[in-house]
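Here's a quick tour of a model, written for someone who likes to know the cut-offs. Have a look at the sequence and the fold before reading on.

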Amino acid sequence: LRVAIERAEDAGLLFVAAAGNEGSDNDEQPHYPSNYEVDSIISVASTTHEGKLSSFSCFGAETVHVAAPGSQIYSTVPKDKYKYLSG
């Protein structure tokens, strides 16, 4: 996967990856693919509707770049239904 991300970077593309759902510090315990040392990777943590870090979200002052809503998101599911999901 790292090679594919590097090829995408060579083509001028960004690769956006979830920071992970283990609740750990990615600076200490790398999570992949978000921790590959490729400049075009943007690592994204999960936040709650209050803007706080989700309890399950990985984090890292050096390796996680941004955060976005990821807890209790009203989502589509099979059979024309909706459900609150996290992750």
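Predicted model: local features only at pLDDT ≥ 70, side-chain atom pairs only at ≥ 80, totals over all residues.

What follows covers ground rules, ring pairs, a hairpin, a loop residue and a salt bridge.

## Ground rules

Residues are numbered from 1 along each chain as its sequence is written, and side-chain values use heavy atoms, with hydrogens and water left out.

## Aromatic pairs

There are three aromatic pairs in the structure. A pair here means rings of Phe, Tyr or Trp (its six-membered ring) with centres within 6.5 Å; planes under 30 degrees apart are stacked, over 60 edge-to-face, and the rest tilted. Y32 and Y36 make a tilted pair, because their planes sit at 45° with the ring centres 4.9 Å apart. Y32 is partly exposed at 45% relative accessibility, and Y36 is also partly exposed, at 24%. (Buried is under 20% relative accessible area, exposed over 50%, partly exposed in between, using a 1.4 Å probe and protein chains only.)

Y74 and Y82 are stacked, with 5.4 Å centre to centre and 15° between the planes. Both Y74 and Y82 are exposed. Ring pairs also bring in Y84, giving a cluster of Y74, Y82 and Y84.

## The hairpin

Strand 4 (residues 73-77) and strand 5 (residues 81-85) run antiparallel and are joined by five bridges. Strands pair if DSSP finds at least two bridges between them; strands (E, at least two residues) and helices (H or I, at least four) are DSSP runs, numbered from the N terminus.

## A buried serine in a loop

S40 sits in the loop between strand 1 (15-18) and strand 2 (41-47). With 5% relative accessibility, S40 counts as buried. What does S40 contact, leaving aside its neighbours within four places in sequence? The partners are I5, E9, L13, L14 and F15, where contact means heavy atoms within 4.5 Å.

## The salt bridge

Searching the whole structure turns up one salt bridge, meaning a side-chain nitrogen of Lys or Arg within 4 Å of a carboxyl oxygen of Asp or Glu. E6 pairs with R2, the closest N and O atoms being 2.7 Å apart. Both lie in helix 1 (residues 2-10), four residues apart, about one turn of the helix. E6 is partly exposed at 27% relative accessible area, and R2 is partly exposed at 36%.
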